[in-house]
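I opened the model to look up how its parts touch. My notes follow.

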Amino acid sequence: MKLENLRRGQSFRIISIPDDIVRAQAIRFGLAEGEIAVCEEIIPAGPIVIKKNRQEIVLGRGLAKSIQVELI
Amino acid sequence: MAHCHDTGLKLAIPENVKKIVLAGNPNTGKSVFFNYLTGLYVDVSNYPGTTLEISHGKMDEDVIIDTPGVYGLSSFNDEEKIARDIIINADIVLNVVDAVHLERDLFLTQQIIDTGVPVVVALNMVDEAKRQGIEIDYQALSSLLGVPVIPTVAIKGQGLEKVKNTLHSATKGRITPGLKKSLTDLINRVGSQGEALLVLEGDEVVASRHGILPGKERDKVYMERRKRVNEITAEVLKEVRQGASFATTLGRLMIKPVTGIPILALALWLMYKAIGVFVAQDIVGITEETIMIGMYEPAIKGLISKYVTLDSILGQFLAGEFGILTMAPTYLLGLLMPLVVGFYFFLALFEDSGYLPRIATLTDRVLSSLGLNGRAVIPMILGFGCVTMATIVTRILGSDRERRIAIFLLGLTIPCSAQLGVIVGLLAGVGIKLTIMYIVVIFSMLVAAGTILNAILPGKSTDLLIDLPPLRIPRLANVLKKTGVKSYGFLKEAAPLFALGAIIITGLQVTGTLEVIQNLLAPITVGWLGLPKEAATAFVMGIVRRDFGAAGLTSLSLTSMQTVVALITITLFVPCIASIMVLFKERSKKEAAIIWSASLVVAFIAGGTVARLANIFSTGNEVNIFAVTIAFVLLSIGAIAVTKISRKKLFSTFRV
């Protein structure tokens with residue numbers, strides 16, 4: 001499934017981030033492919049906030065549509 | 001070997017002096033270290049080709065150089081490029097790490113260690129980490145990284161002296177496992193481990209400096225490094241407890257639309273009270289009226305009249321109505337500077353408290369329908385201060401496409417503080433219904449212009465990808481320093497533009513061109529906008545200074561509807577001459593010319609449309625304002641729809 005389809009509070013594993021620069025930036029933030037995070041907040045039709053440990057990242061809707069995740 | 005190890009900063013640093021570079025993620029408290037280490041004597045230089053100011057100062061015999069906060073070293077944006085060049089050429093790096101975000105911050109730490117530069121780590125904000133239930137074994141961290149680690153609470157001065165004394169014991173740390181082999185080959189070709197690492201990680205800029213192709217190992221190196229950092233973190237970090245604090249709850253409320261919008265409204269209202277009322281009226285009253293017009297201008301005119309008569313052409317250029325030594329400094333220093341300082345102060349406050357990224361999150365949805373993303377909220381807010389400043393700040397946006405859209409919207413629809421003051425004054429006289437109509441019309445234009453540009457411009461805008469730092473109470477000293485540095489940067493960049501603007505306008509005036517333009521505009525003013533001929537003067541004066549334009553309307557006897565039509569036109573009309581200058585400086589000549597003429601045309605179309613609608617929806621002397629407003633909104637929606645449909649058609653024709 002896509003990151004966009006997550007519901008609040010769900011834990012997930014990142015499967016793939018297609019964009020090169022976004023992937024590099026995500027790894028710096030601590031969100032490499034294969035890592036586990038929680039969907040913290042969904043702004044209606046807007047960005048999605050995910051959290052890993054204490055790190056919170058905001059992803060625009062377009063990005064959330066492109067990132068492949070799986071529920072755990 | 002050839003000299004390619006240039007930090008970009010033109011600093012005269014003698015051979016025996018060590019370059020100590022401060023590095024860290026954004027908001028780790030680097031500046032406190034910088035201030036402590038350098039004391040009072042700090043130089044700020046502009047990094048070539050960017051707006052970024054780099055501070056540097058002296059510590060005993062050594063030079064301390066600050067770098068922009070970044071999450072990693074590469075060429076993704078200006079901040080990173082600068083930090084990268086300064087760091088890989090450092091003798092010693094003092095890496096400031098946020099103890100609360102160890103897992104994130106250590107990525108940069110490990111990357112710096114991988115460049116082979118000697119490092120000292122300051123593990124900052126250990127008190128806050130402790131409060132949040134995080135315990136870090138800093139001795140274990142030190143032996144895992146292979147560099148000295150000093151726990152600090154910088155804002156309370158704890159650990160700073162120890163950091164200073166440890167700087168010269170900086171060591172080259174333990175590089176990411178598996179990296180050594182790939183690096184050794186490259187080091188022989190490019191000369192330094194730092195550059196070799198960046199080439200390996202696919203940094204195109206560094207690779208092209210050495211005339212070689214960038215490596216394709218970024219993913220692999222990044223993953224290895226991330227793995228290593230996660231292992232280190234797991235080993236040294238102990239979480240005692242994790243409870244939701246008040247800051248966490250407030251932070252969440254700030255990004256949910258239901259609560260976030262009222263909070264944002266409150267913040268903007270406070271900002272308006274502080275800047276729109278206190279600064280714009282009380283402070284500017286002193287700086288513009290008393291100091292600049294009351295004291296400075298007579299003095300400078302007196303001085304100049306000793307050498308040239310003020311009526312002569314040279315006198316006009318120097319000290320005339322739009323003189324380079326009279327209007328330009330009065331406008332820039334007396335009126336704009338206090339407002340710019342006010343805006344930068346609030347921006348720094350929002351930034352340091354961690355509120356800014358939350359505003360970006362909240363507004364991302366709306367802005368992305370205009371082809372922008374949440375980050376664009378920064379230039380948009382600043383635009384209400386000064387469009388010239390905001391246009392410069394659009395450099396922070398992720399793509400050229402976004403800059404194009406943002407610059408157009410700023411020039412077209414955002415009234416700057418100078419103009420806003422006069423507009424508010426004039427609107428006070430026309431009543432609430434027409435005021436609402438004015439706001440709705442301008443807002444519709446913003447939405448329509450943004451949506452249409454987003455639909456017709458090729459390419460795709462970038463998505464929001466930011467981290468949410470914890471909410472913190474900002475430190476006043478830091479906020480003031482940021483405000484000072486940014487305001488000074490604006491002044492340095494804008495002063496020549498305002499001077500050039502003054503020269504052009506005086507040139508137009510003494511040659512009589514200003515009058516010719518006014519006469520040329522007259523038919524449109526009378527025939528299309530339904531305004532008296534003299535209103536054309538106000539429009540042209542609006543180019544000189546946006547507030548002149550609006551102020552020029554006060555002397556005309558206009559009906560309420562005419563006033564609003566004129567205000568709408570003037571708001572949308574070309575920005576002031578300084579922002580036209582900055583437009584031409586920031587964009588290609590062709591694009592600037594298109595943006596400029598497009599905003600002219602759009603302004604007259606919108607103003608005229610309102611005038612026409614007012615004619616249609618009037619019975620006798622009564623104008624149905626509600627109907628005019630609704631009709632305008634519907635026309636805007638129609639324009640958006642037509643663009644989108646015709647674009648689809650265009651695409652399907654191409655496909656066939």
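**Domains and chain contact**

I took the centres of domain 1 of chain B and domain 2 of chain B over C-alpha atoms; 41 Å separate them. The domain assignment gives domain 1 as 19-239 and domain 2 as 257-464 + 475-655 of chain B. These bounds come from an automatic or database domain assignment.

This is a predicted model: local features need pLDDT of at least 70, side-chain atom pairs count only at pLDDT 80 or more, and totals for chains, interfaces and linings use all residues. Residues are numbered from 1 along each chain as its sequence is written, with chains lettered from A and ligands numbered from 1 in the order in which they are written.

Next I looked up the contact between the chains. Chain A gives 27 residues and chain B gives 26 (contact: C-beta atoms, placed from the backbone, within 7 Å). On the chain A side, the elements with two or more residues are α1 (20-29), β4 (55-59) and α2 (61-66). Here helices (H or I, at least four residues) and strands (E, at least two) are DSSP runs, numbered from the N terminus. I find the largest share, seven residues, in α1(A). By type, the chain A side splits into 15 nonpolar, seven polar and five charged residues. Ala, Val, Leu, Ile, Met, Phe, Trp, Tyr, Cys and Pro count as nonpolar, Asp, Glu, Lys and Arg as charged, and the others, Gly among them, as polar.

In β10(B), Leu465(B) is the bridge partner of Leu59(A).

Methods
Two residues are in contact if their C-beta atoms, placed from the backbone, lie within 7 Å. Two strands pair if DSSP finds at least two bridges between them.
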